[in-house]
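This report looks at a few regions of one protein model, going from a sheet to a single residue and then to a helix. Please keep the sequence and the structure in view while reading.

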Amino acid sequence: MTFTMVYRRLALILILTIVNIVQSHDEDVHTIKYDTETFSVELPKKNHFVMFYAPWCAHCQRLAPTWEQLAEMLNDDKDGNIRIAKVDCTSDSKVCSEQDITGYPTLKFYKTGSNEGVPFRGTRDLPSLTMFINEQLRSADESEELVNKVPEPPLKLLELTKDNFEKHVASGKHFVKFYAPWCGHCQKLAPVWEQLAQSLEFETDVNIAKIDCTQYRSICNEFDIKGYPTLLWLEDGKKIDKYQGQRTHEDLKAYVNRMLGSAVNADMDEGKKESVSSSVVMVLTGEDFQHGIEKGITFIKFFAPWCGHCKRLAPTWEDLAKKFVGNPDINIVKVDCTLEINKQLCNDEKVDGFPSIYLYKEGRKISEYNGNRSLEDLQDFVMKHVNSHDEL
């Protein structure tokens with residue numbers, strides 16, 4: 001075989017390889033592909049997370065399945081305010097030039113109406129990408145639609161004053177820290193209290209707040225505050241309980257879950273106690289995860305608040321938890337993978353999509369649930385493992 005023939009054969013192989021790579025990118029069914037014309041038209045309409053790539057780029061090829069998975073989660077929600085897209089810089093170089101793309105893949109987030117992208121520079125795994133999206137959506141100028149799809153957390157730690165205290169606590173459940181800035185115990189508790197508010201930021205049934213008793217003495221006197229910090233559970237403006245346990249994040253969060261799961265209606269005019277619990281699902285974070293799964297059966301939903309599939313599963317997950325209320329050997333749990341405190345946990349547990357549903361037994365991951373997400377099927381899956389001898 002002559003040199004010319006060998007050269008031509010190698011050239012043909014190279015061409016076929018490039019064609020296969022291009023075709024593999026075009027097989028993506030969920031990712032939106034923009035060209036020079038559609039990019040400028042569609043970009044202003046919604047928030048976008050865009051991958052600028054070249055088909056021959058090895059890093060782009062490795063990212064492609066994850067990008068498609070991200071697109072499947074978000075683009076399937078037709079009413080959502082975020083789109084996952086890509087632009088081939090080898091065929092639409094004008095777009096990439098205008099966006100100052102100098103390497104592949106380059107990932108940029110565009111807020112609605114903006115042509116200036118925010119580059120992503122983190123690890124290109126699903127939890128990191130979803131956390132970045134969540135952060136960018138929160139910082140966007142939110143329209144009413146965006147608030148509905150990715151709500152601004154109502155539980156970011158709220159500083160109460162004489163102007164807002166009465167109105168704020170008048171209805172609902174509130175866990176309030178009464179403190180003095182000079183108090184050493186208060187200073188030590190401060191970062192833990194911030195962490196508690198962050199870890200419960202999407203739990204709409206309770207508010208985490210604080211009030212400075214050196215500035216608002218009359219309010220603190222009204223609640224008979226004798227020392228600092230004092231942590232009170234308030235419901236509809238009334239003191240229900242005083243927290244007296246350990247002041248770790250784990251213990252404080254367990255207390256909140258307990259109060260949400262056992263709260264009773266304060267109205268006892270007819271001598272009845274009416275449960276007003278709205279959530280019996282346990283919340284775990286990277287900080288207390290190992291302790292939370294060490295005993296019995298733990299069935300965990302790893303989720304993202306903006307995920308459409310997760311939202312549809314949420315009420316069923318609540319019903320599932322109610323099925324096992326009172327059974328100390330079975331816990332129904334959720335973990336929010338968009339929180340910074342849970343990023344490493346979700347990576348360690350190999351969460352590669354939302355929701356991911358894993359079953360743990362005596363601290364060990366036993367199985368991943370991939371079945372029908374009906375209440376009956378989920379309950380049957382848990383019961384199957386209660387008395388079984390499982391192997392992962």
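In what order do the five strands of the open sheet lie?

## Basis of the model

The model is predicted, so local features need pLDDT of at least 70 and side-chain atom pairs count only at pLDDT 80 or more, whereas totals for chains, interfaces and linings use all residues. Residues are numbered from 1 along each chain as its sequence is written, and side-chain values use heavy atoms, with hydrogens and water left out.

## The open sheet

The order is β1-β3-β2-β4-β5, and the pairing is mixed; β1 (32–34) and β5 (118–119) are the edge strands, each pairing on one side only. Strands here are DSSP E runs of at least two residues and helices are H or I runs of at least four, both numbered from the N terminus, and two strands pair if DSSP finds at least two bridges between them.

Strand β4 (residues 106–110) pairs with β5 in the antiparallel sense over two bridges, and with β2, also antiparallel, over five bridges. On the β5 side, P119 is the bridge partner of K108, while M51 has L107 as its bridge partner in β4.

Helix α5 (residues 126–139) lies across β2, β3, β4 and β5.

## H174 in strand β7

H174 belongs to strand β7 (residues 173–179) and, because its relative accessibility is 1%, counts as buried. Leaving aside residues up to four places away in sequence, H174 touches H168, V169, V206, N207, L232, W233 and L234.

## Helix α14

In α14, the residues L375, L378, F381, V382 and H385 are buried. Seen down the helix axis, the buried residues of α14 fall within an arc of 135 degrees, so they line one face; the arc is that of the directions from the helix axis to the C-beta atoms. The face of α14 turned away from the buried side carries the exposed residues E376 and K384. Among the elements that cover the buried residues of α14 are β12 (297–303) and α12 (308–323).

Key:
Contact means heavy atoms within 4.5 Å. Axes are lines fitted to C-alpha atoms, for helices over the stretch in contact, and angles run from 0 to 180 degrees between N-to-C directions. Buried means under 20% relative accessible area, exposed over 50%, partly exposed in between (1.4 Å probe, protein chains only).
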